[in-house]
Amino acid sequence: MADEGAGAGRRPDRHELERLLDERGNHLMQAAIALAGSRQEGEDLLQAALERLVRRWRQVESDPEGYLRRTLYNLAADGWRRRANWLRRVPLVQAGQRAGPGLDAVAAVGLRDALGRALAELPPFQRTVLVLRYWEGRSQAETAGLLGCPEGTVKSAASRGLARLRELTASWTALPARN
Amino acid sequence: MTDDIERLLPDSIGKLTAGGTAPPGLAGRVLARERRRRIRMRTAMVSGTAAVVVVAVLAATAAAGGTARTAGAVRAQTAAYVLHRAQNALAGARQAGLIQQTQFSGDGAALFIAGPGHCDGEYCLGIADLAPGGEIWTYRDRLREEGFANTGKLEFDSSATITSSGKGSTATGEAISYQNRTWWRDSSQPVRPAYPSNCKQGDLPPPDGSTVDWPAAVKAALACGGYRAVGHQRIGRVNAIKLVSAHPQPAQTLWINPSSYLPIRVFWSYNYRTGPEKDTMTGTFHWLQPTAANLASLSVHVPAGFRQTRPQGLAVPGLALIFRNPAQPAVPARGSHATTPATH
């Protein structure tokens, strides 16, 4: 089975990689946190993406950041880390009910903070789509292009993700409803 | 609330990520891990596993361009191995009680949930909006379906438990209409039986209103022997084994995970129109452990504020396909029986 770049191609030296991280590392780290749901997971995700970048360096060294970003998004969307903690679904919050222990701790915090945490409970692909659409401000077409899927898939994932966020945060005090 | 969620989401994410900085020493750690990985790869390639050797023979033979007869014999042998392993994996997945989640998305081809509305004889049909996206979960005798309108909006959600007796199968469960903001419980809904193995029909049809047990359907399709292995293709981060069907319409491609031998993606391509344009449907499989949280995905969750109504029928197991067939209207009239999906 072929492996990407195994044993072939030029690899970056430490200075090249450090230069990339000096210039763009913080924003990439923030993207990784948003995609993975926590700082620790974000760091692991960024490291996994960087390892792939190293393997493909010769092919992508004209735009390593672009390749790194696409890798981040696709690793995140693909659920690169199949651990039980992201496969577990938080019991859905219904009106009038309190959430499970994990969410009780933030019950007193506003909806804004709850949303950020609830985002981490979404399936990886939905979370990735919402991060790309709402945090990075990508269009539907751009998001579909980055993830290599039809726009309809992006659309439905965003819809499902938002619907699940609404359910997860239903018991928090919302801002006054708009007409 | 809808507006609030979308309006607050950018700030929420921004707050979550605020202050995030690349950890020191990351470059060094990455390079060190990559060096260790290359050493492991070299070791693994020398010793190898049966699966890796088999698949490598397939690729190497095709690349080397050996005699057609030899290459064909080797290719047939390794394809048989792949199909055999895949069938076993599907049987194992069922035995292990894995939840099978399939996400569908169509380009031209679309799905609609055969759901509440008019009931006539064998099953009820009624939802008329095209749904370019849909999702099915199956687990043993349980089934859940979501359907999305062509606007991307969640249109319909239904879950059911299928029971079989000497008199046939029935479905019992709940359904939600997001358009009407209603929900209901229903039972004793006659349903068609699980997808039977029909090698005359060809290979794996898209869910057509009768598919309850997707792993069994895929296993049956593979057993018909209509697929051949044509190499590899990267699906996400998996270098998947690619199988194509000999069935001409729809053209089908199935990708198998070379580690688990479970299917990870299926693709149908229909060409009912003149010219090169095709209508396609893609199904992406996910195999989930039956944890409490994942099992919860098999049940619908009624949103607050939705009104319970009288029973209006349950979605027929599986989804039905509508294609942009110039001989047929794209969307059946609401309230009428949907047309039978394009035959294949």
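**I33(A) and its surroundings**

Tutor: Leaving aside residues up to four places away in sequence, I33(A) touches S38(A), R39(A) and G42(A), and also L16(B), T17(B) and G20(B). These contacts, like the rest of this account, come from a predicted model. The residue I33(A) is part of helix 1 of chain A. Its relative accessible area is 1%, and the cut-off for a buried residue is under 20%, so I33(A) counts as buried. Another distance can be given along the chain: L45(A) is 12 residues away from I33(A), and their C-alpha atoms are separated by 8.3 Å.

The helix that holds I33(A) spans residues 14-36 and packs with helix 4 of chain A, residues 64-77. Two packed helices are described by the angle between their axes and the distance between the axes. Here the angle is about 15 degrees and the axes are 11 Å apart. Angles under 35 degrees count as roughly parallel, so helix 1 and helix 4 of chain A are roughly parallel to each other. Their crossing is right-handed. On the side of helix 1 of chain A, the contact is made by L20(A), R24(A), H27(A), L28(A), A31(A), A32(A) and L35(A). Helix 4 of chain A contributes P64(A), E65(A), L68(A), R69(A), L72(A), Y73(A) and A76(A). Sorted by class, this contact of helix 1 with helix 4 of chain A has 10 nonpolar residues, one polar and three charged.

Helix 4 of chain A also packs with helix 8 of chain A, residues 124-135, at an angle of about 145 degrees and with the axes 7 Å apart. From helix 4 of chain A, this contact uses Y73(A), A76(A) and A77(A). From helix 8 of chain A, it uses P124(A), F125(A), T128(A) and L132(A). The contact of helix 4 with helix 8 of chain A has six nonpolar residues, one polar and no charged ones.

Strand 13 of chain B covers residues 263-270, and six of its eight residues are buried. Strand 12 of chain B, residues 251-256, runs antiparallel to strand 13 of chain B, and six bridges join them. In this pairing, L254(B) has V266(B) as its bridge partner. Strand 14 of chain B, residues 279-288, is also antiparallel to strand 13 of chain B and joined to it by six bridges. There V266(B) stands opposite G283(B).

The hairpin of strands 12 and 13 of chain B has six residues between the strands. Y261(B) lies in this loop. Most residues other than glycine have a negative phi. Y261(B) is not a glycine, yet its phi is positive, at about 65 degrees. Y261(B) is also buried, with a relative accessible area of 1%. R181(B), again not a glycine, has a positive phi of about 55 degrees. R181(B) sits in the loop between strand 8 (168-177) and strand 9 (182-191) of chain B. With a relative accessibility of 44%, R181(B) counts as partly exposed.

Definitions and conventions. Residues are numbered from 1 along each chain as its sequence is written. Chains are lettered from A and ligands numbered from 1 in the order in which they are written. This is a predicted model: local features need pLDDT of at least 70, side-chain atom pairs count only at pLDDT 80 or more; totals for chains, interfaces and linings use all residues. Side-chain values use heavy atoms; hydrogens and water are left out. Buried means under 20% relative accessible area, exposed over 50%, partly exposed in between (1.4 Å probe, protein chains only). Helices (H or I, at least four residues) and strands (E, at least two) are DSSP runs, numbered from the N terminus. Two strands pair if DSSP finds at least two bridges between them. Axes are lines fitted to C-alpha atoms, for helices over the stretch in contact, and angles run from 0 to 180 degrees between N-to-C directions. Angles under 35 degrees count as roughly parallel, over 145 as roughly antiparallel, 65 to 115 as roughly perpendicular and the rest as oblique. A crossing is left-handed if the near helix is turned anticlockwise from the far one by less than a right angle, and right-handed if clockwise. Contact means heavy atoms within 4.5 Å. Ala, Val, Leu, Ile, Met, Phe, Trp, Tyr, Cys and Pro count as nonpolar, Asp, Glu, Lys and Arg as charged, and the others, Gly among them, as polar.
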